Amino acid sequence: MSSEEKFVFESLQDCESIRAFLEALTEGVGSKHLVLSSGGERIELYPQGLLQVEVKARRKGGSSKVSLKLEWKDAPRVETTDRTLSVSSN
Amino acid sequence: MITFEGLSENFRFLVLEVSGQLRATHEFMRAPTRELFDRITGRDDYIDNLKTIIENKCFSRIHTDNSLDRREIHRIRAIHTIAVNLERIADFCVNILGQMAHLSDPGRLRADEYDPIFAEIAASLNRIIPALEKEDLPAALAICRSEYELDRLYEAVFHRTLAEMSDGRSVHDRITTIFIFRYLERIGDSLLNVGEALIFSVLGEKIKIKQFEALQKTLSTSGFGDSLSDIDFRSIWGTRSGCRIGRVERVRNARSSTGDAEGGGAPGGLGSIYKQGNKKKILKERDNIARWSTLFPNLVPEIFGYHEDDDSAALLVEFLQGCTLDEIVLTGDVEILQNAMFVLLQTLHEIWEKTATPGPVATDFMRQMRSRMEAVLQVHPGLRREGVDLCGAGALSTEQLIDRCEAIEKTLPAPFTVFIHGDFNVNNLVYDHARQAVRFIDLYRSRDCDYVQDISVFLVSNYRLPVFEPALRERIRWVMREFMLFATGVAAARGDATFQARLALALARSLYTSTRFELNHHFAKDMYLRSHYLMERIVAHRGPWENFRLPVEVLDCGCNAIMREETPCALAS
């Protein structure tokens, strides 16, 4: 059974400061390794293969929104133990 | 007296029954018999039932009868509270009987000690029906005060018995004696509740005897005279500072010891505001009002009376004519709002000019923020964050931000102080359009301090007005813009180079601490995020603080241009 790992970070930024976050994420995608942590929680993601990209933009009633979503299937992870070999996906 | 469905009869019976139980218990203490024991314990069930009947009738009447006016509802509520306490008194009588069984020598109980106690309780029970029927406040107060007397009598027995116990003899009986008298003392506690319920029935307000006495004393030192029946005491609000506030007016057509022809007025003509609470706060408020009056006559309400006891104090102050500024912002005509703002800024300018004292003086915005953090998290547990690492790009935790900002704040003392309001909330300003005057209320936090404290509280108190209708929001924005224009003008005129950095810290504090009063979670989160953004900008700043620019977009008032303008506004120059 796979347990859900989640990371949420909300903050208010200006265009300058948000660039730093976006650049860090871009680099993570480039290196196929994203590490996100907050307090004691940590999540590591390995984007690989084909990634589904969704870009949404909206402007309504004086407020605007743009969202970028990347989604992919993780490759089955191979785990070895002392004697057995097991294959699982999470 | 309410006469529906026999409630008043049931209530009378209950009072009579409990009085009977008390007499029988008194008799039992003098000469305990099995017969009397059975009679008292047998009547207890009847009293329980009577109380339940009264309780049911009170609730069903309040729930089903829409025609009841407030006065009748208050009376029904009072009857219910009194019934519950009477039943408890009857229970204490049975408890006394139970304790008597443990006495090896009932003669050990001294009649000269319990007779006055029973007499006091009986007198109070006799006052209940007339007090309720005639709305007799002095009788209600007399019932309340019997608790003091019963406490005093109990204490004498307690100390005497305790002293006798040191000889080591009859310890068992003596402990039992204390238990028995302790039940009599607890009857006093119930009588106090009965008396307070009667006060509630007359005044329509939950008021404790101590508060009532404070009010009475404050009124009598304020020219209201002694007759409380001439006073309409209403609208008691609990406030955030924990004080109780009410408006006091002379009842129309009542006789007036001050010769006030209109009858609606106290010494100030319009009634007064009565404030009762923590002694330190009330005393501070009184002293601050006195200081304000010396500096700026008519800026603050007049004090009519002050009274204090061991741990609380009460203040009677003038009720000011006019509207609070938030009412004007939200509902006043545009012209009136413009006038109010003009008068406010002129007033502030005058105050700041007159009270400015050269510094430097340390500020404590971050300390204020930290000290209120627990209160914020109690209302909104999610409004703090852990440090974040986002693929190498970081964000500090709430605590880290406060720590860093506090270290920076230490390097940014205010160049001068002024006498500040201290809680410069938009609803602590009263605007009198007829007299073209702004006046200050709620002044217990006034002190010599950085003017930035008042500026940030005023701005955020506008920002957090829970109004989202675009036209009204625009009015709020206008008020904030006008205020910012004025404040930056003053800062420029005084050469206050670190004004914007200090204001960023102060706004971060005000935005964050305001969330504890905001139950709309979305709005509270908005203020929390803005507060953190400001702290991040402060922490990220490099170079001299004179170059720091407050990101005024946090206030969403469209005054970005103002902060770039170097021209001081007309008033400040």
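**Group meeting: the contact between chains A and B**

Let's start where the chains meet. The contact takes 17 residues from chain A and 14 residues from chain B. Contact here means that the C-beta atoms of two residues, placed from the backbone, lie within 7 Å.

Two housekeeping points. This is a predicted model, in which local features need pLDDT of at least 70, side-chain atom pairs count only at pLDDT 80 or more, and totals for chains, interfaces and linings use all residues. Residues are numbered from 1 along each chain as its sequence is written, while chains are lettered from A and ligands numbered from 1 in the order in which they are written.

Strand β1 (residues 34–38) of chain A runs antiparallel to β8(B), joined to β8(B) by three bridges. Two strands pair if DSSP finds at least two bridges between them. Take A:Ser37: its bridge partner in β8(B) is B:Asp389.

How confident is the predictor? The complex gets an ipTM of 0.81 and a pTM of 0.69. Chain B has a mean pLDDT of 86, and 85% of its residues reach 70 or more. pLDDT is the predictor's confidence in each residue, from 0 to 100. Within chain B, α12(B) is highest at 98, and helix α17 (residues 560–564) is lowest, at a mean of 47. Two stretches of chain B need a flag. Over residues 234–241 pLDDT stays under 50, and the model has 15 contacts for them beyond four places in sequence. Over residues 252–269 it is below 50 too, with 34 contacts in the model beyond near neighbours in sequence.

Now the two chains, one by one. Chain A has one helix and six strands. From the N terminus on, the order is α-β-β-β-β-β-β. Of its 90 residues, 2% are buried. Buried means 20 or more other C-beta atoms within 10 Å of the residue's own, exposed means 12 or fewer, and partly exposed lies in between, with C-beta atoms placed from the backbone. Chain B has 17 helices and 13 strands. Of its 573 residues, 42% count as buried.

Contact range next. In chain B, 74% of contacts between residues at least 6 apart in sequence join residues at least 24 apart. In chain A, residues 24 or more positions apart account for 22% of the contacts with a separation of 6 or more.

Axes are lines fitted to C-alpha atoms, for helices over the stretch in contact, and angles run from 0 to 180 degrees between N-to-C directions. B:Phe365, B:Met366, B:Met369 and B:Arg370 in α11(B) meet B:Ile402, B:Cys405, B:Glu406 and B:Glu409 in α12(B). These residues divide into five nonpolar, no polar and three charged.

Next, a sheet in chain B. It is open, with three strands in the order β6-β11-β12 and antiparallel pairing. β6 (323–324) and β12 (437–440) stand at the edges with a single partner strand each, so one side of each has no neighbour in the sheet. Two bridges join β6(B) to β11 (residues 429–432). There, B:Cys323 stands opposite B:Tyr431. Helix α10 (residues 334–355) of chain B packs on the sheet, touching β11 and β12, at about 60° to the direction of β12(B).

Last, one residue. B:Pro415 is in strand β10 (residues 414–420) of chain B. Buried, exposed or partly exposed? Partly exposed, with 19 other C-beta atoms within 10 Å. Leaving out residues up to four places away in sequence, B:Pro415 touches B:Gly359, B:Pro360 and B:Asp496. B:Asp496 is 81 residues away along the chain, yet the two C-alpha atoms are separated by 6.7 Å.

Methods:
Helix = DSSP H or I, 4+ residues; strand = E, 2+ residues; numbered from the N terminus. Nonpolar A, V, L, I, M, F, W, Y, C, P; charged D, E, K, R; others polar.
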